[in-house]
Amino acid sequence: MLTTYDTPDQRNLLDRTGQGIIGAPLDRPDGPLKVAGQAPYAAEYDLVGCAEGVLVGAAISKGSIAAIHRDEVLAMPGVLLVLSDKAMLRRPAQGGAAQAPAQDVRQIDYHGQPVALVVAETFEQATAAAKALRIDYDDQSGSGRFDPDALDFAPGEEPTVLGDIDEAMSKAAHRVDETYRTEGHASAAMEPHAAIAQWDGDDLTLWGSLQMVAPNVKELADSLRIPDARVRIVAPYVGGGFGSKLGISHEGVAAALAALELQRPVRVTLSRQQVFETVNRRSETRQRVRLGADAGGRLLALGHEAWISNLPAEDFAEPVTQATQFLYGGDNRYLAVLKGEITRLTAGSVRAPGEAVGMQVLESVMDELAHKIGIDPIELRKRNLPARLPGQDLPYSSRKLFEAMDEGGAAFGWSKRKPKPCMTRDGEWWVGMGMASAARVNMMQPASAQVRLEADGRVIVETDQTDIGTGSYAILGQIAGEMLGCPMDRVEVRLGDSRFPAGAGSGGSWAASSTGSAVFRACESIRIELAGRLRIDSEALELSGGIARGAGKEAPVTRLLAGAPLERIGRIKPGKTADNYAQASYGAFFCEAGVNAFTGEVRVRRMLGAFGFGRVLNAKTARSQCLGGMVWGIGGALSEELQFDPRDGRLMNHDLAEYHIPVNRDVPPIEVLLLEERDAAASPIQAKGAGELGICGTGGAIANAIFNACGVRPRHFPITPDKLLAQLPDPFAEIAS
Amino acid sequence: MSENCAARLTVNGSPEDFLGDPRRSLLDFLRLDLKLTGTKKGCDHGQCGACTVLVNGQRINSCLSLAVMHDGDEITTIEGLGPASALSELQRAFVTHDGFQCGYCTPGQICSAKAMLDELAAGWPSAVTKDLTSGPIPSDEELSERMSGNLCRCGAYPNIIDAIRAVMQAEEPA
């Protein structure tokens, strides 16, 4: 079987395999361990003689270390080591880098950057010594660039230019040309980054909190200048990632260096403040969107320009216009992302890089246009879905956007929306409804997995794929169980160990469709072997409950195995289907929001998301992914904002008390509709990405509900009360009708 | 800071002696000394609730409390509620309703929910209780408000409420 995925697999094999567990809303197999506190996360392995390391952050924004007063803290109780060297990381690796990021912490690129590691017998001793460590700096902070509006911007990639947008705008019957802002975001996974390192001779084992084990091995080995084969990474349970653990970061390399020096295991956990200050942020954005439509509401002009930032020498540029490329029509287009170099912590992937903030803004501007034209926002979108990918003339693989808007709207009660603002009042609250499209590009990544059918009929799946809360344990087990006719309690999934074949890793919503396809292919290979032993054609084979059937023949699988296990490795990587089709997951958000007429406070009252991302592999975990994405959307719309000191680029709100992620009471009842879809171009299991779709446009639906409620058009996210208050209508005015 | 301090605690029903650095938090005593790593460290500053345990039946952030302060106290952690092989009703409901994704905030959520239900039964008011004399009505808003000290970045909040609600309904007298 070819490794590359070149031809859409239209067989829909998983629909007729017979076990009946694919897509079922089964409980997570890892659930009991997690709710009992028995699932071990990175910092929780009990190694004899483990020393504790605490990192020290830079007190300047730019410059170098002139002197480090090691002796003072080495004299403190329990202190074993003070490290500050050229191998330590000063930035985290970007996702998929597979090589060392910027090293040498004696140079300082941003405020709070790790500059030293203090190791002691106990955590308290190391913490006290880290606080006491005196460092003299050659302070060059004065040459830093701290104002994101005053950077030298240059395009990261060539802008997309089609036709003449200026001319089209000038001829448009209806036009909107507005500039929006979004503030920076933190992933803020609940488990802080942590690592325990232990050497056995030249071999390193690292228990880490990481999303992509195979590239992480290369990043760690490269950082330490040792062969990849000397590094083992173990990460079976990861307490959330959201992009922040795609690449290795400071704690892993520091722990490895200290463990080597001390010849004993060392644990390094980032404090919550260090997680905020030193791991990837999502860049703030300034976005200009131009929409020009003819009298019938069809787009003639589509412009989307974004200004974002990163540290010097970082290639990553928040791909703000990613979904704008394929979502709507408009023959005259100008799309560009411009990056400026800033003296702030590294910008990188935070859940749904690009769409999370790009769709939020695009969908707000679409609402502005619908309001100007005076048509329903759903109708405007329907009139502007292109038949083929603009500019590249490619077909869409599968797109459930129409269905999502129709079915979602019906379930939500969209027809009850008032066409104009300020028409519904509930006590102190203006109430309104808004909607937005959901869109997120679909990507397959190379993946492999091993499946073993044991002689007793049990199934073991092994891959270095991680489960960061996404449901990998559940869905990979369901694919294997479905393909091999084995109930879930006889399937075991082993993840997150670099000794297993390399999965796709958890990122870019690709884990399920990529690693899932690798499991599928391994199982298919086993099915072909079993069919041969039953002397039937594999297409006729049905496997369920441990029995193989087909062409009038039947045998227990264990008899076909005859006492020996069957083991196969499945592999997949993107091929021609990735080039020949525009692939994305789609959906629609509906939101009812209240705006306090006196204070400007916004409360989301209820939400609904309808999504199509190909085959649903587990309806329970898929729904949870969508829910979680929409909760992120509430945060990005209303409260999440990294605040930097304009004088030195220091992150001022570096903890969970000051950076406001949604809490339980911020989240209203949310309904999720999963649409039936098979996308054969996306993967042989006809599944696409689900993990990020729920955040890609949510904020737009919330902003549009706010406009519909009170008539104020928010153009600066997060929409905090101060941004609405001055423009709110007279709270005592008569309600329009 | 080098003089050791001592305390005797009861943890999940077993007597445990603390002898060590007075700076050691209750959280680190549980995780590092007793190897009870079910209690999680999410922020170490009382901002996230991942470290929630029960002290004499009441929920606290164990990161904001020193081990040495708990001489004579009874501590219950997630390990004391039930192992994976014999889950309590609340733990089982979190699995059934998918009240978690990554699982890191989950032990704290469950410990918090357990104490919250007792607070509700005892008639304690919250910020959203409308009538202080007749006691709280266990609306979704009451449950959400009372669970808002436990952050979940995966966004499982609606499922967490569903899980708690299911346990409340199961315990209601027929």
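The structure described here is a predicted model. Of the 13 residues of α6(A), 10 are buried, so the helix is largely enclosed by the rest of the structure. The buried residues are H250(A), E251(A), G252(A), V253(A), A254(A), A255(A), A256(A), L257(A), A258(A) and A259(A). Just after α6(A), the backbone at Q263(A) adopts a positive phi of about 55°.

A packed pair of helices in chain A is formed by α8 (residues 355–373) and α16 (residues 698–710), whose axes come within 7 Å and cross at roughly 35°. The crossing of α8(A) past α16(A) is right-handed. On the α8(A) side the contact is made by M359(A), Q360(A), E363(A), S364(A) and D367(A), while α16(A) supplies G699(A), G700(A), A701(A), A703(A), N704(A) and F707(A). Classified by residue type, this contact between α8(A) and α16(A) comprises four nonpolar, five polar and two charged residues.

At the level of domains, chain A is divided into domain 1, made up of residues 4–39 together with 444–579, and domain 2, made up of residues 354–442 together with 583–725. The C-alpha centres of these two domains of chain A lie 34 Å apart. Across the boundary, 28 residues of domain 1 of chain A are in contact with 24 residues of domain 2 of chain A. On the side of domain 1 of chain A that touches domain 2 of chain A, the elements giving two or more residues are α11 (472–484) and α12 (511–534) of chain A. The most is given by α12(A), with five residues. The residues of this side of domain 1 of chain A divide into 14 nonpolar, 12 polar and two charged.

Chain B is likewise assigned domains, with domain 1 covering residues 5–81 and domain 2 covering residues 89–171. Taken over C-alpha atoms, the centres of domain 1 and domain 2 of chain B are separated by 22 Å, and 16 residues of domain 1 of chain B are in contact with 14 residues of domain 2 of chain B. The side of domain 1 of chain B that touches domain 2 of chain B receives two or more residues from each of β3 (52–55), β4 (58–61) and α2 (78–81) of chain B. The largest share of that side, three residues, comes from β3(B). By class, the side of domain 1 of chain B that touches domain 2 of chain B has seven nonpolar, seven polar and two charged residues.

Within chain B, N150(B) is placed in the loop between α5 (140–146) and α6 (157–171) of chain B. N150(B) is buried, since 27 other C-beta atoms lie within 10 Å. Leaving aside neighbours within four places in sequence, N150(B) is in contact with G49(B), T52(B), C105(B), G108(B), Q109(B) and S112(B). The C-alpha atoms of N150(B) and A93(B), which are 57 residues apart along the chain, are separated by 17 Å.

Between the two chains, 51 residues of chain B are in contact with 49 residues of chain A. The elements giving two or more residues to the side of chain B that touches chain A are α1 (26–33), α2, α3 (89–96), α4 (106–121), α5 and α6 of chain B. By class, this side of chain B has 24 nonpolar, 17 polar and 10 charged residues.

Several backbone features in loops of chain A are also noted. Most residues other than glycine have a negative phi, and most peptide bonds are trans. Against this background, A313(A), a residue other than glycine, has a positive phi near 70°; A313(A) is located in the loop between β18 (299–310) and β19 (332–341) of chain A and is exposed, with 9 other C-beta atoms within 10 Å. D393(A) lies in the loop between α9 (377–382) and α10 (401–412) of chain A, and counts as exposed with 9 C-beta neighbours inside 10 Å. Finally, a cis peptide bond, with omega of about -5°, joins F717(A) and P718(A), and P718(A) is found in the loop between β32 (716–717) and α17 (721–725) of chain A.

Terms used. Residues numbered from 1 in each chain as written. Chains lettered and ligands numbered in written order. Predicted model: local features only at pLDDT ≥ 70, side-chain atom pairs only at ≥ 80, totals over all residues. Buried ≥ 20, exposed ≤ 12 C-beta atoms within 10 Å, placed from the backbone. Helix = DSSP H or I, 4+ residues; strand = E, 2+ residues; numbered from the N terminus. Axes fitted to C-alpha atoms, helices over the stretch in contact; angles between N-to-C directions. Left-handed = near helix turned anticlockwise from the far one by under 90°. Contact = placed C-beta atoms within 7 Å. Nonpolar A, V, L, I, M, F, W, Y, C, P; charged D, E, K, R; others polar. Domains from an automatic or database assignment.
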